Amino acid sequence: MWRTISIAVVAALWLSAVLQAEPTKKTTPEKQSPLAVAPSLALPAPLPAAQFQGRVRDAYQAAADIPQVLAEVTCYCGCNKSQGHRHLLDCFVDTHGSTCGHCVNEALDAHALFMTGTPPDDIRKFIDSKYGQ
Ligand SMILES: [Zn+2]
């Protein structure tokens, strides 16, 4: 009888130890995942498309519609050096995109490809081969 109870107590203690250890175990992957998730969570917001016109407006709208795609695409207008832009999305966070036909063309190309179901990886490759020379 006491043996059964003590086994039950040990089992309960072991179980609670395992349950308590569980969150500690989880913190390791959770600590790593923000690094992988952070770029998409931390995507900068483009300026409102409504304040522009024509193709520039379409490009700003594209940036608002598919920021995660533009964030994977390199802008080849030279703004990485002149403006410190990291990717095409950065061009539409300020007014740079409205003064640069290169950025607009890239964004509209990326958006058109996206609308035909092209995977982001292939969009990036297309932009690289068309503008990256
Ligand atoms: Zn640019």
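Just after H5, Gly 117 takes a positive phi of about 85 degrees. Helices here (H or I, at least four residues) and strands (E, at least two) are DSSP runs, numbered from the N terminus. The structure is a predicted model, in which local features need pLDDT of at least 70, side-chain atom pairs count only at pLDDT 80 or more, and totals for chains, interfaces and linings use all residues. Residues are numbered from 1 along each chain as its sequence is written.

The protein chain contains 6 helices and 0 strands, and from the N terminus on its elements run α-α-α-α-α-α. Of its 133 residues, 23% count as buried. A residue is buried if 20 or more other C-beta atoms lie within 10 Å of its own, exposed if 12 or fewer, and partly exposed in between, with C-beta atoms placed from the backbone. Two residues are in contact if their C-beta atoms, placed from the backbone, lie within 7 Å. Among contacts in the protein chain between residues at least 6 apart in sequence, 57% join residues at least 24 apart.

Helix H2 (residues 54–65) has 12 residues and reaches 16 Å from its first C-alpha to its last, close to the 16 Å expected at 1.5 Å a residue. The expected span of a helix is 1.5 Å times one less than its number of residues. Val 56, Ala 59, Tyr 60, Ala 62 and Ala 63 are the buried residues of H2. They cover an arc of only 150 degrees around the axis, which puts them on the same side of H2; the arc is that of the directions from the helix axis to the C-beta atoms. An α-helix has 3.6 residues a turn, so residues three or four places apart point the same way. Helix H3 (67–70) and helix H5 (101–115) are the elements against which the buried residues of H2 pack.

H5 has 15 residues, and the distance from its first C-alpha to its last, 21 Å, is close to the 21 Å expected at 1.5 Å a residue. Cys 103, Val 104, Glu 106, Ala 107 and Ala 110 are buried in H5. These residues fall within an arc of 165 degrees when seen down the axis of H5, so they line one face of the helix. Gly 101, Ala 112 and Met 115 are exposed on the other side of H5. The cover over the buried residues of H5 includes H2, H3 and H6.

The 12 residues of H6 should span 16 Å at 1.5 Å a residue, which agrees with the 16 Å between its end C-alpha atoms. Its buried residues are Ile 123, Arg 124 and Ile 127. Seen down the axis of H6, they fall within an arc of 100 degrees, so they line one face of the helix. The face of H6 turned away from its buried side carries the exposed residues Asp 121, Asp 122 and Ser 129. The buried residues of H6 pack against H3 and H5. Lys 125 is also found in helix H6; this residue is partly exposed, with 14 other C-beta atoms within 10 Å. Lys 125 and Val 73 are 52 residues apart in sequence, yet 8.6 Å apart in space, C-alpha to C-alpha.

H5 and H6 pack at an angle of about 145 degrees, with their axes 10 Å apart. Axes are lines fitted to C-alpha atoms, for helices over the stretch in contact, and angles run from 0 to 180 degrees between N-to-C directions. Glu 106, Asp 109, Ala 110, Leu 113 and Phe 114 of H5 make the contact with Ile 123, Phe 126, Ile 127 and Tyr 131 of H6.

The largest nonpolar core has 23 residues, of which Ala 59, Ala 63, Leu 70, Leu 88, Cys 103, Ala 107 and Ala 110 touch the most other members. A nonpolar core is a set of buried Ala, Val, Leu, Ile, Met, Phe, Trp, Tyr and Cys residues joined through C-beta atoms within 7 Å. H2, H3, H5 and helix H6 (120–131) each supply at least two residues of this core, and the largest share, 5 residues, comes from H2. Not counting residues up to four places away in sequence, Ala 110 touches Ala 62, Val 69, Leu 70, Val 73, Ile 123 and Ile 127.

Val 93 is found in the loop between helix H4 (79–82) and H5. Val 93 is partly exposed, with 18 other C-beta atoms within 10 Å. Its contacts, not counting residues up to four places away in sequence, are Pro 44, Ala 45, Pro 46 and Leu 47. Val 93 and Tyr 60 are 33 residues apart in sequence and 8.8 Å apart in space, C-alpha to C-alpha.
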